[in-house]
Each structure stands twice: as C-alpha cells, then as structure tokens.
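Have the viewer open and follow along.

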Amino acid sequence: MLERIKIVLVGTSHSGNIGSVARAMKTMGLSRLCLVQPKTELDGHAYALAAGASKLLSSAEHFDSLAPAVADCGLVVGASARSRTLSWPMLEPRACGELAISEAPQHEVALVFGRENNGLTNEELQLCNYHVCIPANPDYSSLNLAMAVQIVAYETRVAYLAGQQSIPEAVDSRYPSSAQMENFYQHLEQTLDETGFIVRQHPGLVMTKLKRMFNRARPEEAEYNILRGILTSIQKRIKAVLPEQGQR
C-alpha cells in the first residue's frame with residue numbers, strides 16, 4: 001500500500017529541503033517522490049541531506065505542473081493552512097494517514113506540499129479532494145517543508161502498521177481519478193456556458209464553489225458516469241432545440 005502513495009512537492013526553492021524530504025519519506029517507508037517545477041537542481045547539498053535516501057532523489061519524477069502529477073490519483077490531499085477565502089474539506093494528519101492507507105488498495109494516492117514561502121495556489125488546492133492542516137502552536141506555527149512531510153508521513157505509517165495488525169474492511173467504492181474530475185469540471189463549465197448560466201469569459205466564483213461542492217460530495221465512479229451522462233444529455237437537447245427555434 002505504501003508504494004501507491006506518493007509525495008508531491010510543488011515549486012520547492014531549496015535543494016536541501018528536497019533532500020531532507022527524501023530522508024523523511026524513507027524513514028516512514030515511502031519511496032515515490034514527485035517534483036513539480038522545482039526552483040532548484042538536485043545538487044550535492046540535496047544528496048548530502050538525503051543521507052541514505054539518495055535513491056529517492058535519483059528516481060524522482062518531474063512534472064511541469066501539478067495536474068499531470070496527480071492525474072492518475074483517485075485521492076489527492078494538499079497541505080494547507082485553514083483559509084476563510086477557500087473553504088475546503090479539511091483533515092488533520094492522523095485522519096489523512098488513515099484515509100490514504102484505506103484507499104491505497106483501490107487507486108494511487110498523492111500527498112501534496114507547496115512552496116516554502118507561500119504554499120499551494122488556490123488553483124492547485126482545487127485539484128485536491130481534501131486539505132490537510134497540521135494543528136501547530138497558533139502563536140508559532142512555523143514548520144519547514146521536511147517537518148511537515150515527516151508528520152504526515154509518520155501518521156501514514158502508523159495507519160499502515162495498524163492495518164497490518166487487523167483485518168481491513170473491504171472497500172468497494174471506486175472513485176474517478178483527478179484527471180477524470182478535471183474533465184468533468186470542463187464538461188460542466190461548457191454545459192453551463194451553453195445554457196447561459198455562466199459566461200465563459202467570466203465564470204466568477206461559480207465554478208470554484210461547484211468544485212468545492214463536488215469535492216465535498218466526492219462522487220464515486222458510477223455516480224461520476226451518471227453526472228457526465230446528464231451533462232451530455234443536456235448538451236444534446238440544447239443542440240436539438242436551437243435549430244427548432246431558428247425555424248420559428
């Protein structure tokens with residue numbers, strides 16, 4: 001199960017942080033590292049701080065943006081401080097680890113961490129099913145990147161070890177991948193544009209709120225197929241009605 005969980009770092013500025021993250025991962029049994037637009041090369045400093053985890057650096061996958069890095073994942077959790085402007089389903093690290101382990105048998109899982117200075121953008125956070133927030137001291141909540149990864153990775157390992165000691169319950173739920181959900185959101189926006197509900201050039205907060213709603217509801221694969229079918233039927237009806245109106 002741990003092999004199906006990947007740590008994704010977005011826009012990391014310091015090579016030493018990437019090395020330290022690799023070390024934190026290996027101590028907890030995680031081996032898949034993805035780097036999205038790193039601002040630095042994997043230099044000698046990164047390999048020095050990785051200590052015995054240098055293989056994770058040499059085998060790290062590189063991506064130009066977050067979407068392709070998580071496209072194959074059925075569960076994406078992004079590290080974020082609590083936000084009043086972008087309310088999203090939130091998890092604490094323990095619940096995050098438990099959820100990652102419970103869903104790893106069904107699909108790939110991504111745990112995403114943002115830039116050292118300003119974290120993940122709102123657009124990147126919207127690619128996540130959940131956000132994970134570490135409940136640090138509110139008077140001094142400064143955690144460096146490797147510390148944050150270590151905490152979430154530790155809770156993931158604790159959940160994994162607990163599962164080894166008990167018979168896990170069978171999970172039948174299948175969820176669409178991140179790429180499938182992005183296709184759905186594009187389909188939804190296109191359909192709402194065709195009905196006149198939104199203006200494509202100025203969708204405003206409507207699509208953000210709809211993404212938040214569907215992420216909170218988290219449709220299963222069968223429900224996802226129903227939703228895509230509904231949108232397709234609406235579009236077909238629109239195309240059928242418009243010529244009729246033109247003839248009147």
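Start at Ala51, which counts as partly exposed at 40% relative accessibility (buried means under 20% relative accessible area, exposed over 50%, and partly exposed in between, with a 1.4 Å probe and protein chains only). Ala51 sits in the loop between α2 and α3 (54–58); helices (H or I, at least four residues) and strands (E, at least two) are DSSP runs, numbered from the N terminus. Its backbone is worth a look: phi of Ala51 is near 55 degrees, a positive value in a residue other than glycine. Gln37 also has a positive phi, of about 45 degrees, although it is not a glycine. Gln37 is found in the loop between β2 and α2 (44–50) and is partly exposed, with a relative accessible area of 41%.

A word on the ground rules. This is a predicted model, in which local features need pLDDT of at least 70 and side-chain atom pairs count only at pLDDT 80 or more, while totals for chains, interfaces and linings use all residues. Residues are numbered from 1 along each chain as its sequence is written, and side-chain values use heavy atoms, with hydrogens and water left out.

Now zoom out. The protein has 10 helices and 7 strands, and its C-alpha atoms fill a box of roughly 75 × 45 × 40 Å, taken along the principal axes. Buried residues make up 44% of the 248 residues. Among contacts (heavy atoms within 4.5 Å) with a separation of 6 or more, 84% come from residues 24 or more positions apart.

Strand β2 (residues 32–36) pairs with β3 in the parallel sense over 3 bridges, and Leu35 has His62 as its bridge partner in β3.

The C-alpha atoms of Leu161 and Ile101 are separated by 9.7 Å, although the two residues are 60 residues apart along the chain.

Next come the charged pairs. Side chains of opposite charge can pair when their charged atoms come close. The structure holds 6 salt bridges (a side-chain nitrogen of Lys or Arg within 4 Å of a carboxyl oxygen of Asp or Glu). In one of them, Arg94 pairs with Glu155, the closest N and O atoms being 3.1 Å apart. Arg94 lies in helix α5 (residues 93–103) and Glu155 in helix α7, so this pair ties together parts that are 61 residues apart in sequence. Glu155 is buried, with a relative accessible area of 10%.

Because Glu103 lies in α5 and Arg218 in the loop between α9 (206–217) and α10 (221–247), the pair ties together parts that are 115 residues apart in sequence. Both Glu103 and Arg218 are buried. Glu124 and Arg115 form a salt bridge as well (2.8 Å, N to O), and both are buried. Salt bridges that share partners also join Arg4, Arg32 and Glu108 into one network.

What does His187 touch, not counting residues up to four places away in sequence? Its partners are Arg228, Leu231, Thr232 and Gln235. His187 lies in helix α8 (residues 178–195) and is buried, with a relative accessible area of 8%. A polar contact of 2.9 Å joins the side chains of His187 and Gln235; the term means a pair of N or O atoms within 3.5 Å, where within protein one must be able to donate a hydrogen and the other to accept it, and residues adjacent in sequence count only if both atoms are side-chain atoms.

Finally, the cysteines. The structure holds 0 disulfides (pairs of cysteine sulfur atoms within 2.5 Å). For Cys73, the nearest cysteine sulfur is that of Cys34, 7.7 Å away, and Cys73 is buried, with a relative accessible area of 1%.

How values were computed: Pairing = 2+ DSSP bridges.
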